[in-house]
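Subject: Structure handover

Hi,

Here is the structure I promised to pass on to you. Have a look at it first, and then read on for what turned up.

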Amino acid sequence: MSVPKSNIKIAAPFFVQKHPGHPPKAIVLFSGGLDSTTCLYWALANGYTCETLTVTYGQKHAREVQSARKIAAQCGVKTHFLNIDLPWLVSSSLVDPAQKLPDNPVEEIEKHTIPSTYVPGRNLLFLALAGSLLDSIHADTIIAGPNAVDFSGYPDCTPAFYQAAANALNHGTQKGITDGIEVLAPLMYLSKADIVRLAAQLHVPFELTWSCYAGGNKPCGKCDSCKLRAKGFEEAGVQDTALNEEIL
């Protein structure tokens, strides 16, 4: 698949490995949402050979997994799907069917208080699983899509967390101690509008992505993720074609 390069500057390499001497292979943590899809397209545009890792952990719906499968197939990349069952994750309103998803004004979301949608340890688990996969298949890089600008205040979406996780991976894996594991968060310092602009330049198929915390045929438009996504598209002046699509 040919993916165009982007001229939007990105940052956040939390560990840069020694040059592998071959096209680097990346594990892309992939939910099927806007951010992780943008990361996948960015990685392909920058010469990485990619495999995706999608983890389900008891979410109320599997809508985003459908998107992940469709997008990965369209990109022609190898996929890994993993389901984990941690009963205590019902502390999150993303998992517990008895809890309602928050419906707050976007300016309240951006106060960065930790909302009920926080899933304890989720990104720590994801990075550990990605590190295990990387070490097993002799890949070089982990690419993830956290954002510390327009986000819901999750503590595991911060530069400090990713720096610590990258250090752990590079001290606790065979690949880490021999060659180094490159850990990249291309979107960390971008606003949601900049992420949309980057995605548009990379020709990300917005209509295939799914960011909504609720399931269904259409995004709910009320959850934090929908509101932050809508804000990004509005500020970027780009049409979100996902709003015109029915369920895949």
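A question to start with: does Thr38 count as buried or exposed, and why? Thr38 counts as buried, because its relative accessibility is 1%, and the cut-off for buried is under 20%. Please keep in mind that this is a predicted model. Thr38 is found in helix α1. Leaving out residues up to four places away in sequence, Thr38 touches Leu187, Ile195, Leu198, Ala199, Leu202 and Val204.

Searching the whole structure for cavities of 30 Å³ or more gives 1. The largest cavity holds about 870 Å³ of space. Its lining is made of 38 residues, and Ser31, Asp35, Arg122, Gly145 and Tyr213 are the closest to its centre. Sorted by class, the lining of the largest cavity comprises 19 nonpolar, 13 polar and 6 charged residues. At least two lining residues come from each of α1 (34-45), β3 (49-56), α2 (63-75), α4 (122-137) and α8 (224-236). Of the elements, β3 gives the most, with 4 residues.

Buried in α2 are Arg63, Glu64, Val65, Ser67, Ala68, Ile71, Ala72 and Cys75. These buried residues pack against α1, β3 and β4 (78-83). Just after α2 comes Gly76, with a positive phi of about 70 degrees.

In soluble globular proteins, nonpolar side chains tend to be buried together. Here the largest nonpolar core has 35 residues, and Ile27, Leu29, Leu53, Tyr57, Leu127 and Ile142 have the most contacts inside it. Two or more residues of this core come from each of β2 (25-29), β3, α4 and α5 (159-171). Apart from this core lies another, of 32 residues, including Ile71, Val77, Val204 and Leu208.

What is Ile27 in contact with, leaving aside its neighbours within four places in sequence? The contacts of Ile27 are Glu51, Leu53, Ala130, Leu133, Leu134, Ile137, Ala139, Thr141, Ile142 and Ile143.

Over to you, and happy exploring!

Best wishes

Notes
Residues numbered from 1 in each chain as written. Predicted model: local features only at pLDDT ≥ 70, side-chain atom pairs only at ≥ 80, totals over all residues. Heavy atoms only, no water. 1 Å grid on protein atoms, 1.4 Å probe; cavity = no way out; pocket = protein on both sides within 12 Å on 5 of 7 lines; lining within 4 Å. Points joined across faces, edges and corners; volume = space filled by probe spheres on them. Nonpolar A, V, L, I, M, F, W, Y, C, P; charged D, E, K, R; others polar. Buried < 20%, exposed > 50% of the residue type's maximum accessible area, 1.4 Å probe, protein only. Contact = heavy atoms within 4.5 Å. Core = buried A, V, L, I, M, F, W, Y, C linked by side-chain atoms within 4.5 Å.
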